[in-house]
Amino acid sequence: MEGKAETLVMKPNDDELLSKQRMKQEAAATSEKEDVQVQCNDTITEQEMNKIELMRALVKKQDPSSKDIDDYALRRFLRARDLDIEKSTSMFLKYLKWRQSFVPKGSISVCEIPNEIAQNKMFMQGVDKQGCPIAVVFGSRHIQNKLGGLDEFKRFIVFALDKLCARTSPGREKFTIIGDLQGFGYCNSDVRAYLTALSIVQDCYPERLGKVLLVNVPYLFCTLWKILYPFIDNKTKKKSPGNI
């Protein structure tokens, strides 16, 4: 008796389907991550490298300790001064002098900012779509520090900025700040402290701030913003603030 051919159809079980689906999702996520990394990888151009070398020679002539400064650090100061070598060099030398006097140990320790830390107002989070680190700041938790004064607040800002910068990498050097202003009131309107923080960011950490996003913005802050706005340089104005 002639046998009849029978075709067997193998159907994957639920576990196999879930496994394949998970693999596809992971592959897509990896591909997306790679695309983001390619898009935000800010390499140094030939024009920038030429200016970096000229700037490095000028800086080393006046401060030999700067010989180990990396190219990306010099580029940040160049970009802050529209690639003007003379202005960039002057700005960078001022930064080196400030850093040596204000942070002689190389970093700020927690024990130097106890009153600021106690306010529990700033937290490091993950990264945004470009791979830039995020910090969340709660504006209503900042109260003028009468115990440590403005000097402790300055140390706190440097401590926080150094933590953020440590999480960046060459070619991906910026960070994002999210400011939650829910409950922000008159007691939080510390103009002198905010101007101090702005000055440190602009003069000592140029081209580090990527974006500032504000949530739960009260009307009072709009008035405060009008006071701060004239002190913000044009490059920083393009980055802040965005309301979400």
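**View 1. Helix α6 gives the most to the lining of the largest cavity, with 6 residues.** The model shown in every view is a predicted one. The lining of this cavity holds 31 residues. Nearest the centre of the cavity lie V137, I177, Y194, A197 and V212. The volume of the largest cavity is about 840 Å³. The count of cavities of 30 Å³ or more comes to 1.

**View 2. Helices and strands both supply the lining of the largest cavity.**
- Strands: β2 (133-138), β3 (175-180) and β4 (209-215).
- Helices: α6, α7 (191-204) and α8 (219-228).

By class, the lining has 25 nonpolar residues, 5 polar and 1 charged.

**View 3. Helix α6 also meets helix α4.** Helix α4 covers residues 85-102, and helix α6 covers residues 149-166. Their axes come within 13 Å. The crossing angle is roughly 110 degrees. Angles of 65 to 115 degrees count as roughly perpendicular, so α4 and α6 are roughly perpendicular to each other. The crossing of these two helices is left-handed.

**View 4. Side by side, the residues where α4 and α6 meet.** From α4 come W98, R99 and F102. From α6 come D151, K154, R155, V158 and D162. By class, this contact of α4 with α6 has 5 charged residues, 3 nonpolar and no polar.

**View 5. Helix α2 crosses helix α4 at roughly 45 degrees.** Helix α2 spans residues 46-62. The axes of α2 and α4 come within 10 Å. Angles under 35 degrees would count as roughly parallel, and 65 to 115 as roughly perpendicular. The α2 and α4 pair is therefore oblique. The crossing of α2 and α4 is right-handed.

**View 6. The contact of α2 with α4, residue by residue.** Helix α2 brings K51, L54, M55, L58, V59 and Q62. Helix α4 brings I85, S88, T89, F92, L93 and L96. Sorted by class, the contact of α2 with α4 has 8 nonpolar, 3 polar and 1 charged residues.

**View 7. Helix α4 with both of its partners, α2 and α6.** Towards α2, the contact residues of α4 include I85, F92 and L96. Towards α6, α4 uses W98, R99 and F102. The crossing with α2 is right-handed, whereas the crossing with α6 is left-handed. The α2 and α4 pair is oblique; the α4 and α6 pair is roughly perpendicular.

Notes:
Residues are numbered from 1 along each chain as its sequence is written. This is a predicted model: local features need pLDDT of at least 70, side-chain atom pairs count only at pLDDT 80 or more; totals for chains, interfaces and linings use all residues. Side-chain values use heavy atoms; hydrogens and water are left out. Axes are lines fitted to C-alpha atoms, for helices over the stretch in contact, and angles run from 0 to 180 degrees between N-to-C directions. Helices (H or I, at least four residues) and strands (E, at least two) are DSSP runs, numbered from the N terminus. Angles under 35 degrees count as roughly parallel, over 145 as roughly antiparallel, 65 to 115 as roughly perpendicular and the rest as oblique. A crossing is left-handed if the near helix is turned anticlockwise from the far one by less than a right angle, and right-handed if clockwise. Contact means heavy atoms within 4.5 Å. Ala, Val, Leu, Ile, Met, Phe, Trp, Tyr, Cys and Pro count as nonpolar, Asp, Glu, Lys and Arg as charged, and the others, Gly among them, as polar. On a 1 Å grid over the protein atoms alone, a cavity is a set of points where a 1.4 Å probe fits but cannot get out, and a pocket is an open set with protein on both sides within 12 Å along at least five of seven lines; lining residues have an atom within 4 Å of a point. Grid points are joined across faces, edges and corners, and a volume is the space filled by probe spheres set on the points.
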